[in-house]
Each structure stands twice: as C-alpha cells, then as structure tokens.
Amino acid sequence: MVVLSKPAIEQFSYIRNNNPTPALFTQIPLVDLSDPDSKHQMIKACEELGFFKVINHGVPTEFISLLESEATEFFSLPLCEKQKTGQPKPYGYGNKRIGVHGDVGWVEYLLLTTNQDSNLHRLQTFRLALGNYMKSVKKMACEILEVMADGLKIQPRNVLSKLLMDEESDSVFRVNHYPPCPQVQPLNENDNGDVIGFGEHTDPQIISVLRSNNTSGLQISLRDGSWISVPPDQNSFFINVGDSLQVMTNGRFKSVKHRVVTNSVKSRLSMIYFGGPPLSEKIAPLPCLMRGEQQSLYKEFTWFEYKKSAYNSRLADNRLIHFEKIAAS
C-alpha cells in the first residue's frame with residue numbers, strides 16, 4: 001500500500017463546511033449501459049437531477065486500478081517533484097488555490113489536456129496509465145451521449161458525441177487528491193468537522209465523467225437547494241450534466257451543482273474527464289429539440305466565449321445567467 005506524504009496544502013488555512021452533513025442519498029439514478037432501454041432512465045435522470053451513476057460501463061478494471069495506483073504514488077511525491085509537472089496556468093500541478101479569483105479548497109490536483117503534457121515525460125508508467133484510462137473513458141462518454149441522443153430522438157445520434165470525437169475537442173482531465181485534515185476537530189455538537197475540499201459549482205463542459213476511490217465526500221444540490229451526499233462506489237462512474245448540455249437541450253437537462261467536503265479520517269482520490277467541444281463550436285439549443293413555438297432560452301455563443309467567461313468567474317457564480325435571453329415584457 002502506498003502511504004501518501006503530508007501534502008503541501010497543510011501550510012494553508014482551511015475553510016469549514018458549517019452546514020449540517022446530509023445523510024447519504026440512496027436513490028441516485030442508476031443506468032446500466034448494457035441495457036437497451038437505459039435511455040429512458042438516463043433522460044429522466046438528466047431532467048430531474050442532472051446526475052446519475054453508470055454500471056456495466058466497459059472501462060477495464062485494470063485501467064482503473066493502475067491509474068489510481070499511479071495517481072496515489074504521484075501525490076505521495078515531495079512537493080518539489082510534483083511541481084516539476086508545471087504550475088497550473090491552467091494545466092499542471094496545483095494545491096489549495098482553485099483558479100485565479102480567490103477560490104480555495106483542501107485539495108491538491110493535476111489538471112491535464114486529454115493529449116496530456118510533456119511535463120509528465122519523467123513519469124512513463126503514469127503517462128501510459130492516463131492514456132489508456134482517458135481513451136476508454138472518452139469512448140464511454142461518447143456512448144452515453146449517443147444513448148442520450150436516442151432518448152431525445154435526435155438524428156443523427158452522434159450529434160453530441162462527435163463534439164468529443166473531434167480532433168479539436170477541448171476536453172480536459174483532472175485528478176484530485178483530498179487528504180485528511182487532521183487539525184479539524186468539531187467546535188461543538190452541531191459541528192460536523194468537515195472542510196471544503198472543492199467549493200460548489202457546475203461544470204461548464206458538455207458532460208463530466210467522475211470516478212473516485214471508496215471515500216465519501218461528493219455532494220450534489222437538489223432543485224430545492226438542499227444538499228445530498230453521494231454514496232461512493234469505486235466500481236462505477238458518475239455522470240454530471242454540464243452547462244453546455246443544459247443550453248443545447250434548452251434547459252430540459254440541468255447542469256448539476258456539486259461540491260466536495262473532506263474530513264479528518266480518509267483521503268479521497270477522484271479522476272474526472274470533462275468532455276468539451278472544439279473552441280470554435282457554436283453552443284445553442286438544438287433546433288430539433290424546440291417544440292412548437294418554443295423560444296430559445298439562451299443566446300448563441302462559442303465554447304471559447306463561454307470557457308473564457310467561466311474561468312473568469314468564481315466557482316459558485318451562475319455563469320449561464322450572462323447568456324440567458326431576457327424575455328420580452
């Protein structure tokens with residue numbers, strides 16, 4: 001077993017999560033990709049939660065295990081070695097600071113393009129593990145988008161998946177490590193002792209594919225604003241609807257607001273593939289999904305324009321509000 005070294009982020013202060021810890025939510029929508037009728041459960045989940053769990057996903061277990069092992073070894077390296085992968089501008093190794101607008105969390109991370117980065121040339125086994133994993137997860141993400149297209153009765157069925165398959169696809173990959181925060185002790189009987197690992201936000205891309213080790217911490221927000229804890233499942237994947245997919249479905253699908261809390265007991269390791277379109281791709285509601293006299297809720301924009309807006313915002317900001325059409329009075 002690899003023992004993680006004390007993370008560099010211990011030199012920073014941390015942000016407490018002062019809200020009560022929600023109970024584990026046992027009704028996360030489950031989608032079996034081997035089931036020909038999975039499209040119905042998938043569409044319902046995207047409309048109601050913007051989030052679901054996938055089983056029988058086809059990603060080889062050995063790819064998952066090897067990447068987790070290699071990522072654990074990477075985060076156990078001395079800080080000076082991790083920093084050799086480059087500072088997060090935006091790609092590379094970072095800790096505590098998320099973005100450039102003051103957001104912080106009890107996390108260290110590695111952010112990569114899906115073509116990886118030459119700064120990992122010293123870590124050949126890690127590079128190989130990343131390549132195999134990302135290729136397999138991208139294939140699954142495209143399959144999911146094609147099942148969604150079937151459920152929405154969109155033709156051709158690759159209208160969404162082709163954006164990820166495009167050679168110019170602006171997809172990224174992130175590995176997050178949330179170490180235990182041993183200094184945190186409950187202040188009183190109502191204090192859960194949790195620390196914000198990654199603050200609440202939605203993902204700007206089309207779709208996000210998340211897999212973590214068997215440590216809890218992920219929470220999602222329901223439509224009423226309440227938060228629920230997602231039970232961990234290291235053998236499955238979790239899917240987030242992103243802002244771009246919300247726009248393309250004219251609000252029928254909702255991008256899910258989510259966050260991660262950490263605590264004083266266990267490390268959490270998560271790996272996320274963010275499927276994005278080419279920078280020049282125009283994002284707007286798909287005409288085939290507009291019903292009758294239904295009007296577009298959003299202005300047309302390119303992925304480059306939205307990405308720039310997203311990364312110039314704070315994590316919790318509602319970025320889409322700047323691209324919504326104002327209804328005529």
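Start with the open sheet of 8 strands, whose order is β1-β2-β10-β7-β12-β5-β4-β3 and whose pairing is mixed. At its edges sit β1 (30-32) and β3 (92-98), each of which pairs on one side only. If you ignore direction, neighbouring strands here are turned by 25° against each other on average. Keep in mind that you're looking at a predicted model.

Now zoom in on one pair inside this sheet. Strand β5 (residues 172-178) and strand β12 (residues 268-275) run antiparallel and share 7 bridges. One spot to look for is tyrosine 178, whose bridge partner in β12 is arginine 268.

Helix α1 (residues 38-48) lies across β1, β2 (51-55) and β10 (237-241), and runs at about 150° to β1. Helix α4 (residues 124-152) lies across β2, β4 (103-113), β5, β7 (207-212), β10 and β12, at about 130° to β7.

There's also an open sheet of 4 strands, ordered β6-β11-β8-β9, and its pairing is antiparallel. Here β6 (195-201) and β9 (227-229) each have a single partner strand, so one side of each has no neighbour in the sheet. Neighbouring strands are turned by 20° against each other on average, direction ignored. β6 pairs with strand β11 (residues 258-262) in the antiparallel sense over 4 bridges, and histidine 201 has histidine 258 as its bridge partner in β11.

Finally, step back to the whole protein. It has 7 helices and 14 strands, and 52% of its 329 residues count as buried. Among contacts with a separation of 6 or more, 75% come from residues 24 or more positions apart. The protein exposes about 15600 Å², with carbon and sulfur atoms supplying 50% of it.

Key
Residues are numbered from 1 along each chain as its sequence is written. This is a predicted model: local features need pLDDT of at least 70, side-chain atom pairs count only at pLDDT 80 or more; totals for chains, interfaces and linings use all residues. Side-chain values use heavy atoms; hydrogens and water are left out. Helices (H or I, at least four residues) and strands (E, at least two) are DSSP runs, numbered from the N terminus. Buried means under 20% relative accessible area, exposed over 50%, partly exposed in between (1.4 Å probe, protein chains only). Contact means heavy atoms within 4.5 Å. Accessible areas come from the Shrake-Rupley method with a 1.4 Å probe; for residues, only the protein chains shown count as cover. Two strands pair if DSSP finds at least two bridges between them. Axes are lines fitted to C-alpha atoms, for helices over the stretch in contact, and angles run from 0 to 180 degrees between N-to-C directions.
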